[in-house]
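Subject: Structure for your review

Dear colleague,

Please find the structure below, together with its sequence. I would be grateful if you could read the notes that follow alongside it.

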Amino acid sequence: MTYVSTRGHAPAIGLGAALVAGLAPDGGLYVPASLPRFDVADFDGCDSLPAIASRLLRPFFAGDALADELDAICAEALDLPAPLRAIAQDTGLLELFHGPTAAFKDFAARFLAACFARLRPRDVDAVRTVLVATSGDTGAAVAAAFHRRPGFRVVILYPDGRVSPRQAHQLGAFGDNVRALRVAGSFDDCQALVKRALADDALKARVALTSANSISLGRLLPQMAYYALTALQHRRAGGAPPLFIVPTGNLGNAFAAILARACGLPIGAVVLATNANRTLPDFFAGADYAPRASVATLANAMDVGAPSNFERLRWLCPDDADLRRAVTAEAVDDATIRTTLRAYAERGLVVCPHTATALHVLDRRRAAGDHGDAVVVATAHPAKFDTIIEPLLGHPVDTPPALAALLARPAEAEPIRADYADLCAALLAHPEPAPAA
């Protein structure tokens, strides 16, 4: 298996090289040169998430130095709960927030870190810098996955004042080989800075850079696994391919579901649930694709106006009319998020604001007469958004132990402008930490 750029102007390379590069030299995103096809029977005997992931990803690792390590990588990184909780007779809630930082990003971040650890030459002392932009959850997941890992440091960029207080505390609480930079700007500003740095050969000659954003194949590929697990469990129980409703901002998690479906997994329609940032809903409603400045919402991890993975979506389905038939998207405003949070809490289901967007889209579809089997993807634990949820509920939300432990640590983040010179200065001002023993 080789990997090519979505923009078509970069040479094909192997998986390991694509993981380390992050971004293709022509500015595009790496995608597989061809897609494998699976039947349900191909997963006979695979019941756990690590086992299904290993079988699913084997063709994507074929011919690479990492291929012999795939089973170990999956066992190490993906041994996390991904329960499907029944919330109605025909509806399940796929809970992806039971990892160390209480968000779905833990699955992919741990997988990427496990790959990078095996790609790093053991006889070289150089430290690789993992540069990541976050709208709330990615940064903490990447920090946790690489924290105190020999040979790596993490630099996180997040939009100051536009993540929840607990998310901000998480980002600054790791210390050691993890630095948090709070940027005076939006997530799109942070993302643009990361992409520019990854394309800057002069900077990369001085700092060994790679990315852990959803532009990375190491994030995209493992996310297919929990969709495969859920779809296969549903099929084995005699169900038809279910509808998946996925909260999305930068489109990486949702694209993983779409890619798994393209590989033959029994996944039905995929619906994108966004907040008031309407770039995707407007496109899928028929408008030209038009990235725009993001707006701040209660579902802050989805505050994205220029979703990077749209490039991958168009690679998979180049014709816009075909793409609009394959995927739909719906926007949910803040007032509706509040109403949905209250309504579901009264029924005994407390969710985060992002999951609330997907639940509201489900309610719309049910009201319109769609009563087929559906899976709503729950992307983060509600305790990460206590300042939003607790006033609506009138009581505290229980905090998972791993999150509570992080919140008990001191936190520190350095302020910078949304300026590329400031980022370069921050990357070059501090010596890279020596590899851990």
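Predicted model: local features only at pLDDT ≥ 70, side-chain atom pairs only at ≥ 80, totals over all residues.

Residues are numbered from 1 along each chain as its sequence is written, and side-chain values use heavy atoms, with hydrogens and water left out.

Helix H10 and its ends

Helices (H or I, at least four residues) and strands (E, at least two) are DSSP runs, numbered from the N terminus. Helix H10 spans residues 252-262 and is mostly covered, with nine of its eleven residues buried. Here, buried means under 20% relative accessible area, exposed means over 50%, and partly exposed lies in between, using a 1.4 Å probe and protein chains only. The buried residues of H10 are Gly252, Asn253, Ala254, Phe255, Ala256, Ala257, Ile258, Leu259 and Ala260. Their cover includes the helices H9 (217-236) and H12 (310-316). It also includes the strands S9 (243-247), S10 (270-274), S11 (327-331) and S12 (374-378).

Leu251 is located in the loop between S9 and H10. Its phi is near 80°, a positive value in a residue other than glycine. Leu251 counts as buried because its relative accessibility is 1%. Just after H10, Gly264 also has a positive phi, of about 105°.

Asn277

Asn277 sits in the loop between S10 and helix H11 (279-284). With a relative accessible area of 6%, Asn277 is therefore buried. Leaving aside residues up to four places away in sequence, Asn277 touches Ala293, Ser294, Val295, Thr297, Met302, Asp303 and Val304; contact means heavy atoms within 4.5 Å. A polar atom of the Asn277 side chain lies 2.7 Å from the backbone nitrogen of Val295.

Two exposed loop residues

Arg148 belongs to the loop between helix H5 (138-146) and strand S6 (152-159). Phi of Arg148 is near 60°, again a positive value in a residue other than glycine. Arg148 counts as exposed because its relative accessibility is 53%.

Gly394 is found in the loop between helix H16 (386-393) and helix H17 (401-407). Its relative accessibility is 69%, so Gly394 counts as exposed. The C-alpha atoms of Gly394 and Thr297 are separated by 21 Å, and the two residues are 97 residues apart along the chain.

Yours sincerely

Terms used
Polar contact = N/O pair within 3.5 Å; in protein donor to acceptor, adjacent residues only side chain to side chain.
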